[in-house]
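User: I am new to this structure. Please take me through it in short questions and answers.

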Amino acid sequence: MTKQLLLFFLVISSLAFADDGSRLWLNYDLIKDAKQRESYAQLAKFIVVSSDNQTIKIASEELQIGLQGLLGKKVAIVKTATGSGRIVLSVNKNAPSTTNLSEEGYEIYTEKDNIVISSKTETGVLYGAFELLRAIQTGKSLTNISIASSPKIKIRMLNHWDNANGTVERGYAGSTMWKWNELPYRIDPRYIMYARANASIGINATSINNVNASSRFLTAEYLEKIKAVADVLRPYGIRVFISVNFRSPRTLGGLKTSDPLDPEVRKWWNEKTKEIHQYIPDFGGYLVKANSEGEPGPQDYGRTHADGANMLADAMRPFSGIVIWRAFVYNADPNGDRFKEGYEQFKPLDGTFDPKVIVQVKNGPIDFMPREPFHPMFGAFPKTTLGMEFQITQEYLGQSTHLTYLAPMYKECLYTDTYAKGQGSTVAKVIDGSLYNASNSLMAGVANTGSDVNWCGHPFNQSNWYAFGRLAWDHTLSSEQIASEWIQMTLTQSKSAGQKITDMMMKSHPVYVSYTYPLGTAHMMGESHHYGPEPWLAKSARPDWTSVYYHRADSIGLGFDRTGKLSNALQLYSPEVQKKWGNSEQCPLDYLLWFHHVPWSKKLRTGRSLWDELCVRYYDGPVQVKRLQDTWETVKPDIDTETFESVKGRLKIQEKEALWWRDACVLYFGEYSKMPVPKPLMPPQRTLNEVKKLVEIYHLR
Ligand code: GCW
């Protein structure tokens, strides 16, 4: 064989086996260990279903596809079977096994060499089927398996920021996955993959369009399209929501106003809501961004957020859906503090929202920064149901090129104590409804899906979708466990490689923060595209869209004093939190500059001055990225070639850009501190102007 021919065959065979990432964590690759395969096969001879319900059919077929892949053999779906090795799917409201389960909860147990998946609902059985597959994918023993699980949060939701024109706001994985031009006539098979992936992690709601919403989504033409999507997602337990533009009564209905107290406007929404239900009988409800970043809202008519939300809740009254009203609002006040805006605008409204309304609050008070203190609204609104909004898409977190695993960041927020009702009043308890006995609960994640073959751009970005869903189901799961599950289901069956990759993932968020926003700095990214460093940004359409507004660097020091002199934002928190963060000597270093303006030469508890500590962290970031690269090299034999190369290339970009962040910030802040980069660190090899030029390229038209 000639060399060329050999090369050709090599390329072809590697393509044939290449993993393009399209199957996400449901790749169901054959279990390599034959013994283990055989032991599972003994317990999986038949899938027994006695109902022809569509969701149960989906559950049984998923088990069949999964087992076929994992065990390499076809397991028959039957109505009855005798003997051992049956996997029985059972929906039974009154079975003793389901008594302590919520509607969507499930139990998996063994009964005489058979495995039973039992739930009060079909969707619960589907979740149980995925759990059983996950147990096999992650190599768990099924002998005497006994799992009972109910979701901690009721609405576990993805928010798509997808536009009618096919783009995705803050999307880094191609264009929208919704083919608006083809719907309702063609159903892209990816919708089914999307539904399976979501159901596998318990996501049960999705808002399909951008919160910067076009009224188009409420036209009959689009409702037909959305209906087609809802019909696909329904049997997977997923309800569809629509983001609405508050001005729709004017733009779409031809009314003179969209004032929420105007009877004509109310009538318009009532009728529109009825009309939507003709297409989508189980419509989830509305998601609204109002009076925020130029979007219309009730304040345009001198009304409050509650007036707006309650009007929509009224329209939803005859139906089971709800209204999700976002608290992401802020005005451009150069002398104010954006940190306080959401809290201050909503606080007087606590107790005035309709029970059908959930107020959706971003995890932090500014805007999905790589590290933010928890939003002060959590714990301060006993009479309002607050939902959590996390961002899965990595707007400020390296988009599609930096490896950043977000479960630790989500958990850091969820497990911070608000002290609202004494010690142990964590954000998680506010969100899951247990702190205030709320009847509803919500965790939403801004989706990172797109038209890319692998859905999410960076292969590791899939893990953030996965982690979000797992935590929305059960926020007590550890970040390590979630990472390790995802790796085994997606990347490799090798235990040692899995351990190394878990380690990489667990380090990735702190590493990212280290070279971008150490010590509690925030919002210093490039204007509008939000990528790369631009700490010198001083002019923008709004003062609170600049960088200098946030870092407040001057000849004395760095950081935003929120203890009272410049802003009293700290007072929005309970006294215990104020005590923890309000004293610059005790404030955790990760949050320090969120709350304090610290002199450059001030000695921190690390023994270094602020300036030295800042430099040490900026310099450590790129070094750690190199370590990630080194570790990645060692797992090469255990990873699919295409995935391996894709991550390897991205880690190279990440290193280059970590150095870019480091040099930009160290050179820029050095102009204020007037202090040298501490030895043995080497000062940057380029000038501030050279780094600024790199950023200018981004703004060239
Ligand atoms: O994070 C910011 C984004 C905007 C986004 C806004 C929001 C949808 O830069 O693109 O708009 O937040 O959450 O409403």
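User: Which residues does Val75 touch, leaving out those up to four places away in sequence?
Analyst: This is a predicted model. Val75 sits in the loop between α3 (54–71) and β2 (76–78). Beyond four places along the sequence, the residues in contact are Ala44, Lys45, Phe46, Ile47, Gln64 and Leu67.

User: Is Val75 buried or exposed?
Analyst: The cut-off for buried is under 20% relative accessible area. Val75 has a relative accessible area of 0%, so Val75 is buried.

User: What distance separates the C-alpha atoms of Val75 and Arg86?
Analyst: Along the chain, Val75 and Arg86 are eleven residues apart.

User: Where is Thr418, and what is its relative accessible area?
Analyst: Thr418 belongs to the loop between α11 (407–414) and α12 (427–431). Its contacts include Phe374, Phe378, Val430 and Val577. Thr418 is buried, and its relative accessible area is 3%.

User: How far apart in space are Thr418 and Pro184, C-alpha to C-alpha?
Analyst: In sequence, 234 residues separate Thr418 and Pro184. Pro184 lies in the loop between β7 (155–159) and α5 (189–200). The C-alpha to C-alpha distance from Thr418 to Pro184 is 46 Å.

User: What is omega for the peptide bond that joins Leu183 and Pro184, and for the one from Lys679 to Pro680?
Analyst: Both peptide bonds are cis. Pro680 is in the loop between α20 (641–673) and α21 (688–699). Omega is about 0° for Leu183 and Pro184, and near 5° for Lys679 to Pro680.

User: Is Arg170 buried or partly exposed?
Analyst: Arg170 is in the loop between β7 and α5. Its phi is positive, about 60°, although Arg170 is not a glycine. Buried needs a value under 20%. Arg170 has 22% relative accessibility, so it counts as partly exposed.

User: And is His523 buried or exposed?
Analyst: His523 is in the loop between α15 and α16 (548–551). Phi of His523 is positive too, near 55°, in a residue other than glycine. At 4% relative accessibility, His523 counts as buried.

User: What distance separates the centres of domain 2 and domain 3?
Analyst: Domain 2 covers 155–478, and domain 3 covers 514–560 + 597–699. Across the pair, 25 residues of domain 2 are in contact with 25 residues of domain 3. Taken over C-alpha atoms, the centres are separated by 31 Å.

User: How many helices and strands are in the chain, and what is its radius of gyration?
Analyst: The chain has 21 helices and 16 strands. The globule rule gives 27 Å for 701 residues, and the chain comes close to that, so it is as compact as a globular protein of that length. Its radius of gyration is 26 Å.

User: What share of contacts in the chain between residues at least 6 apart in sequence joins residues at least 24 apart?
Analyst: Contact here means heavy atoms within 4.5 Å. Of the contacts between residues at least 6 apart, the share joining residues at least 24 apart is 72%.

Notes: Residues are numbered from 1 along each chain as its sequence is written. This is a predicted model: local features need pLDDT of at least 70, side-chain atom pairs count only at pLDDT 80 or more; totals for chains, interfaces and linings use all residues. Side-chain values use heavy atoms; hydrogens and water are left out. Helices (H or I, at least four residues) and strands (E, at least two) are DSSP runs, numbered from the N terminus. The radius of gyration is taken over C-alpha atoms; the globule rule is 2.2 Å times the number of residues to the power 0.38. Buried means under 20% relative accessible area, exposed over 50%, partly exposed in between (1.4 Å probe, protein chains only). Domain bounds come from an automatic or database domain assignment.
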